[in-house]
Amino acid sequence: LVCVAAACVTGGAAGAAEGTCEERHIYKTQQDAPTDVNSVMALVTKRVNQELATVVKVETTYEGDGLHRVVGVHRIRAALTHEDGHVGCFDYLLHVEDVDECSLPPRAPMAHACHPSARCVNTNGSYDCACPEGTASFLACEGAASAAECC
């Protein structure tokens with residue numbers, strides 16, 4: 001990445017890796033967050049195109065492979081090539097907010113799969129199924145095809 005445009009604070013190509021790009025924020029719920037590399041690139045490219053008319057190329061990078069629908073804040077660097085050839089960058093901070101799977105309608109995407117007799121307990125980024133006393137616990141469900149087999 002080369003961050004030499006007004007949006008960046010850097011010494012040029014040699015300092016690009018350590019360069020600081022202007023931060024922008026994107027907020028998504030876990031349900032609406034990118035699910036794969038292509039959707040991350042599409043999200044960032046769309047945002048860049050909304051903000052800057054002269055960009056002809058966008059290259060995105062981010063660390064790790066746990067970005068997809070993972071609750072938290074994720075830094076995505078967008079290297080931007082403009083029509084006149086100058087290069088700049090933005091750091092998009094993707095804020096992925098938890099979805100309460102327990103409160104979603106039964107057939108909704110990301111709805112919990114707890115047995116009807118179990119109590120759904122929302123956690124940060126997921127959920128647990130709490131089975132009634134005297135029945136199998138959620139921890140005893142290891143290896144089951146679904147939580148519906150556990151209680």
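## Contacts and overall make-up

Of the contacts in the protein between residues at least 6 apart in sequence, 50% join residues at least 24 apart. The model in which these contacts are counted is a predicted one. Its secondary structure comes to 1 helix and 7 strands. Read from the N terminus on, the order of the elements is β-β-α-β-β-β-β-β.

The protein has 151 residues, and buried residues make up 32% of them.

## Confidence

The average pLDDT of the protein is 78, and 73% of the residues score at least 70. Over residues 1-17 the pLDDT is below 50. In the model this stretch has 40 contacts beyond near neighbours in sequence.

The number of disulfides in the protein comes to 3. A disulfide is a covalent bond between the sulfur atoms of two cysteines.

Cys21 and Cys89 form one of these disulfides, with their sulfur atoms 1.8 Å apart. Cys21 lies in strand β2 and Cys89 in strand β5, which spans residues 87-97, so this pair ties together parts that are 68 residues apart in sequence. The torsion about the S-S bond of Cys21 and Cys89 is about -90 degrees, and the disulfide is therefore left-handed. Both Cys21 and Cys89 are buried.

In the disulfide formed by Cys102 and Cys120, the sulfur atoms are 1.9 Å apart. Cys102 lies in the loop between β5 and β6, while Cys120 lies in strand β6 (119-123), so the pair ties together parts that are 18 residues apart in sequence. The torsion about the S-S bond of Cys102 and Cys120 is about -70 degrees, so this disulfide is left-handed. Cys102 has 22% relative accessibility and therefore counts as partly exposed. Cys120, at 17% relative accessibility, counts as buried, because the cut-off for buried is under 20%.

Cys114 is joined to Cys129 by a disulfide with an S to S distance of 2.0 Å. Cys114 lies in the loop between β5 and β6, and Cys129 lies in strand β7 (residues 126-130), so the pair ties together parts that are 15 residues apart in sequence. The link of Cys114 and Cys129 has -90 degrees about its S-S bond and is left-handed. Cys114 is buried, as is Cys129.

## Tyr27

Tyr27 is found in strand β2, which covers residues 20-29. Cys21 lies in strand β2 as well. Tyr27 has a relative accessible area of 52%. Tyr27 is therefore exposed, because the cut-off for exposed is over 50%.

Leaving out residues up to four places away in sequence, Tyr27 touches His95 and Glu97. Strand β5, the strand of Cys89, takes in residues 87-97. Tyr27 and Leu93 are 66 residues apart in sequence, and their C-alpha to C-alpha distance in space is 8.3 Å.

Note on methods:
Residues are numbered from 1 along each chain as its sequence is written. This is a predicted model: local features need pLDDT of at least 70, side-chain atom pairs count only at pLDDT 80 or more; totals for chains, interfaces and linings use all residues. Side-chain values use heavy atoms; hydrogens and water are left out. Helices (H or I, at least four residues) and strands (E, at least two) are DSSP runs, numbered from the N terminus. Buried means under 20% relative accessible area, exposed over 50%, partly exposed in between (1.4 Å probe, protein chains only). Contact means heavy atoms within 4.5 Å. pLDDT is the predictor's confidence in each residue, from 0 to 100. A disulfide is a pair of cysteine sulfur atoms within 2.5 Å.
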